[in-house]
Amino acid sequence: MSVKVLVLVGSLRAASVNRQLAELAAEVAPEGVTLVPFDRLGELPFYNEDIDNESVAQSVADLRAAAADADAALVVTPEYNGGTPGVLKNAIDWLSRPFGDGALKGKPAAVVGGSFGQYGGVWAHDEVRKSLGIAGPRIVEDLKLSVPFKTLDGKHPRENAEVAAQLGDIVAKLAAEVG
Ligand SMILES: Cc1cc2nc3c(=O)[nH]c(=O)nc-3n(C[C@H](O)[C@H](O)[C@H](O)COP(=O)(O)O)c2cc1C
């Protein structure tokens with residue numbers, strides 16, 4: 001089995017815990033499953049139909065190429081103000097076009113992440129499942145993980161055996177959805 005999973009992280013900050021969760025997901029992925037982060041969401045212009053044409057920005061072309069090359073997608077995101085960080089929503093909007101034929105169309109996708117709040121950012125995760133599902137991928141609804149940061153004790157998530165096991169299970173089940 002050889003499966004490529006595009007990884008999008010909804011936080012741009014250098015010390016992002018969600019990026020650490022994405023690193024951990026790559027570490028615990030089963031053999032044959034490669035996680036491919038696209039870490040240039042901050043370079044994407046704001047979505048605008050006027051610039052979504054044959055001379056689209058290179059960052060957008062590269063995002064769509066990475067999505068086309070992937071078999072599945074994993075989103076790892078914090079919650080911002082009860083919802084999706086703008087930088088991630090913007091990437092989802094770019095991936096949703098061409099309408100009905102985006103590069104992730106029909107591919108399995110899972111949404112996980114963590115936040116400071118006691119529910120670990122679950123509002124954002126639910127919201128991303130909704131908009132990403134409309135954008136084209138097939139959301140695997142039962143693959144869920146919303147980590148409240150206090151459970152990590154200020155350490156890298158790889159120090160938390162339960163989070164590592166849950167992420168490993170999610171990545172394995174996501175890869176198994178690739179048909
Ligand atoms: C603009 C902004 C809005 C935030 N809103 C929420 C929120 O609604 N719920 C929450 O649990 N944490 C919220 N936080 C705190 C984030 O959970 C925290 O900054 C977290 O570390 C972000 O993830 P990261 O470590 O991957 O950057 C917010 C942070 C920022 C900067």
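My entries follow, grouped by topic.

**Ground rules**

I am working with a predicted model, where local features need pLDDT of at least 70, side-chain atom pairs count only at pLDDT 80 or more, and totals for chains, interfaces and linings use all residues. Residues are numbered from 1 along each chain as its sequence is written, and side-chain values use heavy atoms, with hydrogens and water left out.

**Entry 1: salt bridges**

I began with charged pairs. A salt bridge here is a side-chain nitrogen of Lys or Arg within 4 Å of a carboxyl oxygen of Asp or Glu. By this rule I count ten salt bridges.

I looked up arginine 158 with glutamate 27. Their closest N and O atoms are 2.6 Å apart. Arginine 158 sits in the loop between strand E5 (138-148) and helix H5 (161-176), while glutamate 27 belongs to helix H1 (residues 17-28). The two are 131 residues apart, and the pair links distant parts of the chain. I take helices (H or I, at least four residues) and strands (E, at least two) as DSSP runs, numbered from the N terminus.

Next I checked how open these residues are. Buried means under 20% relative accessible area, exposed means over 50%, and partly exposed is in between (1.4 Å probe, protein chains only). Arginine 158 is partly exposed at 39%. Glutamate 27 is partly exposed too, at 45%. I also found that Glu23, Glu27 and Arg158 are linked in a network of salt bridges.

Then I took arginine 64 and aspartate 52. They form a salt bridge, with the closest N and O atoms 3.0 Å apart. Arginine 64 is in helix H2 (residues 58-69) and aspartate 52 is in the loop between strand E2 (33-37) and H2, so the pair ties together parts twelve residues apart in sequence. Arginine 64 counts as buried, at 15% relative accessibility.

One more pair went into the notebook. Arginine 40 and glutamate 43 meet in a salt bridge at 3.1 Å, N to O. Arginine 40 is partly exposed at 24%, and glutamate 43 is partly exposed at 47%.

**Entry 2: around the ligand**

Which residues come nearest to the ligand? I noted Ser11, Arg13, Ser16, Asn18 and Asn81, out of 14 residues around it. A residue is near if one of its heavy atoms lies within 4 Å.

I sorted the shell by type. It divides into five nonpolar, seven polar and two charged residues. Ala, Val, Leu, Ile, Met, Phe, Trp, Tyr, Cys and Pro count as nonpolar, Asp, Glu, Lys and Arg as charged, and the others, Gly among them, as polar.

I then looked at single atoms. A side-chain N or O atom of arginine 13 is 2.7 Å from an oxygen atom of the ligand. A polar backbone atom of asparagine 81 is 2.8 Å from a ligand nitrogen. Glycine 117 has a backbone N or O atom 2.8 Å from a ligand oxygen. Taken alone, the ligand exposes 630 Å², and the protein buries 72% of that. Such areas come from the Shrake-Rupley method with a 1.4 Å probe.

**Entry 3: helix H3**

Is H3 enclosed or open? Seven of the ten residues of helix H3 (residues 86-95) are buried, so the helix is largely enclosed by the rest of the structure. I listed the buried ones: Val87, Leu88, Asn90, Ala91, Ile92, Trp94 and Leu95. They pack against strand E1 (3-9), H2, strand E3 (72-76) and helix H4 (122-135).

Most residues other than glycine have a negative phi, and most peptide bonds are trans. I searched for exceptions.

The peptide bond from arginine 97 to proline 98 is cis, with omega near 0°. Proline 98 lies in the loop between H3 and strand E4 (108-115).

Asparagine 81 came up again. Its phi is positive, about 50°, although it is not a glycine. Asparagine 81 is in the loop between E3 and H3, and it is exposed at 86%.

Aspartate 153 has a positive phi near 60°. Aspartate 153 lies in the loop between E5 and H5, and it is exposed at 61%.

**Entry 4: alanine 175**

My last stop was alanine 175, in helix H5. Alanine 175 is buried, with a relative accessible area of 2%. Leaving aside neighbours within four places in sequence, alanine 175 is in contact (heavy atoms within 4.5 Å) with Val3 and Val33.

Notes
A polar contact is a pair of N or O atoms within 3.5 Å; within protein, one must be able to donate a hydrogen and the other to accept it, and residues adjacent in sequence count only if both atoms are side-chain atoms.
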